[in-house]
Amino acid sequence: MIVLEDVHKVYPNGTQALNGVSLEIPERDFAFLVGPSGAGKTTIIRLINRDETVTTGSVFVEATDVTRLRRRDVPQLRRRVGVIYQDYKLLPSLTVRQNVEFVLKATNEFDHLSDGLVEETLATVGLTRRTNHYPHQLSGGEQQRTAIARALVRRCPILVADEPTGNLDQESGWETIQLLVQLNARGTTVVIATHNRTLVDTMRRRVIEIERGRVVRDEPEGGYYG
């Protein structure tokens, strides 16, 4: 589903974010990316979605080499990869429902079936009763669930998340992860970059540890520190 082959990433300021990273994430996998700040976790997330490009190496998503995609083809990739951010990135002037609809309209995927799809998605994340509320009227957990709904509504087979529990209290963070676990059980491939040690230790899922731009550990059922 996702393959990185000898990926190096050097930013214009000279910072080397990744130094020869190779890894495979198969279909339906649920993987945590762990490591200290600046290790390269977010860079990996951004490369998968083509928010960044590699310096050298290759990134494959569903057998497509995204490093070779033409700019006009990147939106097609992003219809396959949903992204969940730590800061939610909701549009404050739109309701919950409108935020979810917005991504379909922005990618020209909104059609006569979309109303039902949006309603189904909001029910999946438990927001049916909050559909007409604005982001400032929601708790942090509800804002994150809206962000997940926005990624989910496009039926992306891959979800990547950058610190999705970083701004949440323990209860809301756990609810967010449980929702992602449910989506994974339905067939979605999930990759999460996180500093949440308790979460990783409790879940005992695949753990890929990044340190100074390299993969230093890859365990099928690991904890934050092994």
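What follows is a chat about a predicted model of a protein chain.

Reader: I'm new to this one. How is the chain divided up?

Author: Keep in mind that this is a predicted model. The protein chain is split into domain 1 (1-80 + 156-226) and domain 2 (90-155).

Reader: How far apart are the C-alpha centres of domain 1 and domain 2?

Author: Those C-alpha centres are 24 Å apart.

Reader: And how many residues are in contact between domain 1 and domain 2?

Author: On the domain 1 side there are 13 residues, in contact with 14 residues of domain 2.

Reader: What area is buried between domain 1 and domain 2?

Author: About 1100 Å², with carbon and sulfur atoms giving 61% of that. Arg-79, Cys-156 and Leu-179 supply 43% of the area that domain 1 buries against domain 2, more than any other three residues.

Reader: How many salt bridges cross the interface of domain 1 and domain 2?

Author: The rule finds 0 salt bridges there. Across that interface of domain 1 and domain 2 there are, however, 3 residue pairs in polar contact.

Reader: Which helix gives the largest share of the side of domain 1 that touches domain 2?

Author: That is helix 6 (residues 170-185), with 5 residues. Sorted by class, the side of domain 1 that touches domain 2 has 8 nonpolar, 2 polar and 3 charged residues.

Reader: Switching topic: how many salt bridges does the structure hold?

Author: The structure holds 18 salt bridges. One of them pairs Arg-97 with Asp-115, where the closest N and O atoms are 3.5 Å apart.

Reader: Why does the pair of Arg-97 and Asp-115 tie together parts that are apart in sequence?

Author: Arg-97 lies in helix 3 (residues 96-106) while Asp-115 lies in helix 4 (residues 114-124), so the pair ties together parts 18 residues apart in sequence.

Reader: What else does Arg-97 meet in a salt bridge?

Author: The side chain of Glu-119 also meets Arg-97 in a salt bridge, at 3.9 Å from N to O. That pair links distant parts of the chain, with Glu-119 in helix 4 and Arg-97 in helix 3, 22 residues apart. Glu-119 is partly exposed, with a relative accessible area of 48%.

Reader: Which residue forms a salt bridge with Lys-105?

Author: Glu-101 does, and the closest N and O atoms of the two are 3.9 Å apart. Both Lys-105 and Glu-101 lie in helix 3, 4 residues apart, which is about one turn of the helix. Lys-105 is partly exposed at 47% relative accessibility, whereas Glu-101 is buried, with a relative accessible area of 10%.

Reader: So which residues are linked in the network of salt bridges?

Author: Arg-97, Glu-101, Lys-105, Asp-115 and Glu-119 are linked in a network of salt bridges.

Reader: What follows helix 3?

Author: Asn-108 follows helix 3, and the phi of Asn-108 is positive, near 60°.

Reader: OK, now helix 1. Why is helix 1 largely enclosed by the rest of the structure?

Author: Helix 1 (residues 41-48) has 6 of its 8 residues buried, so it is largely enclosed by the rest of the structure. The buried residues of helix 1 are Lys-41, Thr-43, Ile-44, Ile-45, Leu-47 and Ile-48. Just after helix 1, Arg-50 takes a positive phi of about 60°.

Reader: Last topic: where does Asp-65 lie?

Author: Asp-65 lies in strand 5 (residues 64-65). At 13% relative accessibility, Asp-65 counts as buried.

Reader: And what does Asp-65 touch?

Author: Leaving out residues up to four places away in sequence, Asp-65 touches Ser-58, Val-59 and Phe-60. The side chain of Asp-65 also makes a polar contact with the side chain of Thr-67, at 2.4 Å.

How values were computed:
Residues are numbered from 1 along each chain as its sequence is written. This is a predicted model: local features need pLDDT of at least 70, side-chain atom pairs count only at pLDDT 80 or more; totals for chains, interfaces and linings use all residues. Side-chain values use heavy atoms; hydrogens and water are left out. Domain bounds come from an automatic or database domain assignment. Contact means heavy atoms within 4.5 Å. Buried area is the accessible area (1.4 Å probe) that two parts lose on being put together, summed over both. A salt bridge is a side-chain nitrogen of Lys or Arg within 4 Å of a carboxyl oxygen of Asp or Glu. A polar contact is a pair of N or O atoms within 3.5 Å; within protein, one must be able to donate a hydrogen and the other to accept it, and residues adjacent in sequence count only if both atoms are side-chain atoms. Helices (H or I, at least four residues) and strands (E, at least two) are DSSP runs, numbered from the N terminus. Ala, Val, Leu, Ile, Met, Phe, Trp, Tyr, Cys and Pro count as nonpolar, Asp, Glu, Lys and Arg as charged, and the others, Gly among them, as polar. Buried means under 20% relative accessible area, exposed over 50%, partly exposed in between (1.4 Å probe, protein chains only).
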